[in-house]
Amino acid sequence: MTRSEHATIGGIILAAGESSRFGSENKLLTPVDGTPVIRRVAGIALESPFEEVVTVLGHDADAVAEALGDLPVSTTYNGDYTAGQSTSLRCGIDVGRRSGWDAAVVLLGDMPFVNPTIIERLIEAYLSGAGSIVAPQCDGRRGNPVLFDRSLYERLCAVSGDRGGRELVGTHPGTVRVHTDDRGVLRDVDSP
């Protein structure tokens, strides 16, 4: 089944975590080639064919929002961010629901090396009817970001703890993996 090329697809950047593995500083504010990690991720999202990009803030929200500066992304605040990534995912999905997105691509705020072309490939696979979850795969490992069809929003909102959508991606029969040699889909920032 081919989906409409006019499907509305939004981007959700999860940026509410406490960066506990990173140390005392907020990793999202750490510069990579002179640009804060979160601003690089937002730039990647803005280069992608999204109808809208929302950043879910939580820990250190004011500083993260300031790092985003004048970029044309919306923000939403997760007051329950200490309960894990699932709460941020829920906040982002709620924005997607209200905005009527047909699908959402979830980007992790600590992955500044993703190439926007992989996001385009995920969307192309989705629009061709390949699956209701589309994820990149590199070196035999599933990477990020991940696209979810709106039919899965309820299930995503039912996830708890710090797992995000990982379990659903691993068990859902509608999951399709797009192979890439770009290791940016595996590289996150966890230590200085």
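V105 stands opposite L147 in β9.

Colleague: Before we go on, what sort of model is this?

Modeller: It is a predicted model.

Colleague: Then let us stay with β9. In which sense do β6 and β9 pair, and over how many bridges?

Modeller: Strand β9, residues 146-149, pairs with β6 in the antiparallel sense, and four bridges are found.

Colleague: And how do β1 and β6 run?

Modeller: Those two strands run parallel and are joined by six bridges. One example is G10, whose bridge partner in β6 is A104.

Colleague: How many residues of β6 are buried?

Modeller: Six of the six residues in β6, which spans 103-108, are buried, so the strand is largely enclosed by the rest of the structure.

Colleague: Which residues lie on each side of β6?

Modeller: A103, V105 and L107 are on one side, while A104, V106 and L108 are on the other. Both faces are covered, with all of these residues buried.

Colleague: Turning to the largest nonpolar core, which residues touch the most other members?

Modeller: They are I13, F50 and F148, in a core of 63 residues. The element that gives the most to this core is helix α4, residues 116-127, with seven residues.

Colleague: What does I13 touch, leaving aside residues up to four places away in sequence?

Modeller: The contacts of I13 include I38, V41, A42 and A45, as well as V53, V54, T55 and V56. L107 and G109 are also touched by I13.

Colleague: How many aromatic pairs are there, taking ring centres within 6.5 Å?

Modeller: The count is zero aromatic pairs.

Colleague: What lies over the face of F113?

Modeller: R187 does, at 3.8 Å from the ring centre.

Colleague: Now α2, please. Which of its residues are buried?

Modeller: In α2, residues 61-68, the buried residues are A61, V64, A67 and L68. Viewed down the helix axis, they fall within an arc of 125 degrees, so they line one face of the helix.

Colleague: What do those buried residues pack against?

Modeller: They pack against the strands β1 (9-15), β3 (35-36), β4 (53-57) and β5 (74-77), and also against helix α1 (37-46).

Colleague: Which exposed residues are on the face turned away from the buried side of α2?

Modeller: That face carries D62 and E66.

Note on methods: Residues numbered from 1 in each chain as written. Predicted model: local features only at pLDDT ≥ 70, side-chain atom pairs only at ≥ 80, totals over all residues. Heavy atoms only, no water. Buried < 20%, exposed > 50% of the residue type's maximum accessible area, 1.4 Å probe, protein only. Arc of directions from axis to C-beta. Contact = heavy atoms within 4.5 Å. Core = buried A, V, L, I, M, F, W, Y, C linked by side-chain atoms within 4.5 Å. Phe/Tyr/Trp six-rings, centres within 6.5 Å; stacked < 30°, edge-to-face > 60°. Lys NZ or Arg CZ within 6 Å of the ring centre and 35° of its normal. Pairing = 2+ DSSP bridges.
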